Amino acid sequence: MSYVCPNCGETLESGLSFCTKCGAAVDPMGAQSQPSKQDLAVLQELSRRIEFESKLWVIIGVLQCISLVGIIAGTYNFITASKNKKYADDILKRPVGIYNAFDSLNSWIITLLLNVFLGSIVGIIGSVYNYMSVRDYVKKNKDAFDRLERYYK
Ligand SMILES: [Zn+2]
């Protein structure tokens, strides 16, 4: 059975006392009891990006409500912002189901369409940020989120 180096995230064969990649002392018995620093750093970065996105949605919502025509999209974006803020904290405590949450584009499409039709051009910025900086980050780090999920499930 293989396990992951808690220092660098390298997958190691069982029975080793030191990581073959970074040289850190590893305990084959205890190695699986905690996630690697590298994976935790990926998780923290995602949380930071989602929290930034929540601030972005607040700013967008304010701009839309000022223009009055965008008040529906603006209100929707305030709700998105508050959900994102909570989600950014929740995943740090329990990083489970992250990849699946970002795999489907359904909610992303709803947010984009609502902003395009009811929220003026400014509403598109939040959707673009989500796609390029949050969703893309999750997709690129699928392995790290899969490993983290195994510890917290
Ligand atoms: Zn290592």
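Q: What mean pLDDT does the protein chain have in this predicted model?
A: pLDDT is the predictor's confidence in each residue, from 0 to 100. The model is predicted, and 95% of the residues of the protein chain score at least 70. The average pLDDT over the protein chain is 87.

Q: Which element of the protein chain has the lowest mean pLDDT?
A: Among the elements, helix 5 (residues 124–140) has the highest mean pLDDT, 94. Where pLDDT is low, predicted coordinates should not be read in detail. The lowest mean, 74, belongs to strand 1 (residues 3–4).

Q: How many Å separate the centres of domain 1 and domain 2?
A: The protein chain is divided into domain 1, residues 1–32, and domain 2, residues 35–152. Taken over C-alpha atoms, the separation of the two centres is 33 Å.

Q: How many residues of the side of domain 1 that touches domain 2 are nonpolar?
A: Domain 1 gives 6 residues to the contact and domain 2 gives 5. On the side of domain 1 that touches domain 2, no residue is charged and 2 are polar. The nonpolar residues there number 4.

Q: Are helix 1 and helix 2 roughly parallel or roughly antiparallel to each other?
A: The axes of helix 1 (residues 37–66) and helix 2 (residues 71–93) come within 8 Å and cross at roughly 165°. Angles over 145 degrees count as roughly antiparallel. Helix 1 and helix 2 are therefore roughly antiparallel.

Q: How many residues of the contact of helix 1 with helix 2 are nonpolar?
A: Helix 1 passes helix 2 in a left-handed crossing. The residues of this contact include 8 polar and 3 charged. The nonpolar residues number 15.

Key. Residues numbered from 1 in each chain as written. Predicted model: local features only at pLDDT ≥ 70, side-chain atom pairs only at ≥ 80, totals over all residues. Domains from an automatic or database assignment. Contact = placed C-beta atoms within 7 Å. Nonpolar A, V, L, I, M, F, W, Y, C, P; charged D, E, K, R; others polar. Axes fitted to C-alpha atoms, helices over the stretch in contact; angles between N-to-C directions. Helix = DSSP H or I, 4+ residues; strand = E, 2+ residues; numbered from the N terminus. Parallel < 35°, antiparallel > 145°, perpendicular 65-115°, else oblique. Left-handed = near helix turned anticlockwise from the far one by under 90°.
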